[in-house]
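Take a look at the chain shown here.

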Amino acid sequence: MSGAGDGVSGAGVSGEPKRAAADGWWLPRGVVALRVRIFERVNGDRVVTLPGAGYGPEVFERVYAHPAANGRSAGAGLSDLFWYWLSPGPEVHQEHLEAGERYEDVAAATRRVLAGDSAGLAAAAGRAVGQVLDALPDTRISLVRLRDLVMPAWAAFCYELVFREPCPPHARELITAHANDVVTALKCTGLRHPRRRARLTAYLHARVAAGDVPHRLPETLTPAEQVHYLQGTFFNTAVVQLSEATAHVLLALARHHPVQRRLSADPSDERYLTRVLDETMRLYPLFGIAHRITTGEIPLDADTVLPAGSVVCFSYPGYHATGYDRPEVFDPDRWATLSAKHAHHIPFGVAANRPCPAWRLSPVVLRAAVREVLGRYRLDSAASHTRSLPHRAPCLLIPRGLSPGARRLGALRTYLRLRDGVEDVTRGVRQLVLGTVMVLHARRLRPAARHFEERPATRCPAARPVPGRPEGERG
């Protein structure tokens with residue numbers, strides 16, 4: 001949910017569009033390449049990306065776990081972009097706080113909110129997803145976008161985590177609108193709408209002021225910062241990442257019918273469902289790039305040392321593509337002989353460097369959500385499947401017991417595939433234009449840089465830019 005990386009915030013700068021160009025034959029490769037180059041140039045940071053630049057997965061692992069790879073935001077121009085997208089309140093978001101008392105206080109509060117027994121969490125997730133599915137017709141095929149479908153469910157689920165009560169419709173609408181606005185901006189398919197986000201802030205401010213939150217909130221934060229902490233951690237990152245993860249799993253099942261049939265035949269097969277989740281998160285990791293600023297020297301090899309103040313970008317897709325036979329193939333059965341603990345597989349980050357606090361909760365509730373959907377529907381999709389999921393996962397939901405003719409189903413699949421291809425063209429151009437506008441706006445506002453200039457005490461002690469950062473790949 002938060003902590004392991006930049007979550008969906010890596011979607012615009014991780015190089016994912018290059019993969020989209022390979023999968024989507026409609027998308028002009030020139031537009032994709034131009035968009036990536038603009039992000040590289042406009043951001044301005046000279047960084048080292050791992051794995052890459054001659055350094056393999058073993059260097060990725062060693063550097064990521066190094067105690068000096070702990071600077072989070074101070075000293076990196078890339079932080080301005082992420083703070084801009086995640087506003088309001090990125091300065092108190094658990095993922096963006098520098099190491100120290102405030103981070104420890106916030107992390108402890110997050111663990112308190114996420115605490116719960118697995119059975120209760122699974123039941124709450126299944127209930128929330130079931131309520132969303134109840135609104136769909138059960139006598140005909142529905143064409144949906146999976147991320148849009150499940151986001152209100154995860155909004156309600158996260159509300160229950162925070163307030164320990166059922167989520168009212170008004171609150172669910174506020175949370176969903178806010179989370180959707182954040183992830184849409186992150187993927188550069190739309191601009192930010194601060195007023196839409198401010199409506200949720202005002203709602204949470206009233207609830208916190210009234211004492212409606214039954215958890216002990218971080219004592220190192222002011223009341224206004226506590227509101228931003230709740231909004232950013234639970235009603236932004238948690239809702240977005242759970243929605244994206246669910247959409248990835250369901251779209252993978254919709255595109256791989258034998259896997260779906262095997263799961264549907266035995267919904268109680270937890271082992272196989274876990275393999276499906278592991279393979280989905282390997283091939284389509286939620287985090288694109290996790291960037292860190294070094295607070296001390298870190299050796300890359302016998303001849304090269306990263307000085308303090310270097311920006312290091314850890315590529316989850318790059319790391320997850322190493323160490324596997326046919327890494328580009330979706331194959332849950334590979335996990336029958338592989339151990340997730342020993343493979344190049346870090347869906348929730350690494351234990352030594354801010355692992356996702358929801359590493360235990362997420363698999364439990366995702367399994368419950370998938371079981372709830374498969375218990376009601378067969379899934380089918382001819383849409384492309386890429387890590388960044390900019391199309392929000394178009395999919396056909398076919399009610400159990402309904403048997404559409406092969407001709408009708410084929411026509412629907414053809415329509416979905418053609419629409420997806422056409423949208424790739426317009427979306428690619430839109431991402432190019434809107435992404436450039438937002439990157440330039442973020443650089444002008446400098447939200448992270450101004451925060452650390454005004455409050456230098458919030459920086460990591462050694463997180464300072466230094467001349468002569470090493471040449472490497474750009475983020």
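Are Glu244 and Arg147 buried or exposed? Both Glu244 and Arg147 are buried. Buried means under 20% relative accessible area, exposed over 50%, and partly exposed in between (1.4 Å probe, protein chains only).

A word on the source. This is a predicted model, where local features need pLDDT of at least 70, side-chain atom pairs count only at pLDDT 80 or more, and totals for chains, interfaces and linings use all residues. Residues are numbered from 1 along each chain as its sequence is written, and side-chain values use heavy atoms, with hydrogens and water left out.

Now the pairing. Glu244 and Arg147 form a salt bridge, with their closest N and O atoms 3.5 Å apart. Glu244 sits in helix 10 and Arg147 in helix 7 (residues 146–163), so this pair links distant parts of the chain, 97 residues apart. A salt bridge is a side-chain nitrogen of Lys or Arg within 4 Å of a carboxyl oxygen of Asp or Glu. Helices (H or I, at least four residues) and strands (E, at least two) are DSSP runs, numbered from the N terminus.

The structure holds 27 salt bridges. One of them joins Glu225 and Arg102 (3.7 Å, N to O). Glu225 lies in helix 10 (residues 223–255) and Arg102 in helix 5 (residues 101–114), so the pair ties together parts 123 residues apart in sequence. Glu225 counts as buried because its relative accessibility is 11%. Arg102, at 19%, counts as buried too.

Next comes helix 12 (residues 270–283). Glu279 and Arg282 form a salt bridge there, their closest N and O atoms 3.0 Å apart. They are three residues apart, so about one helical turn separates them. Glu279 and Arg282 are both buried.
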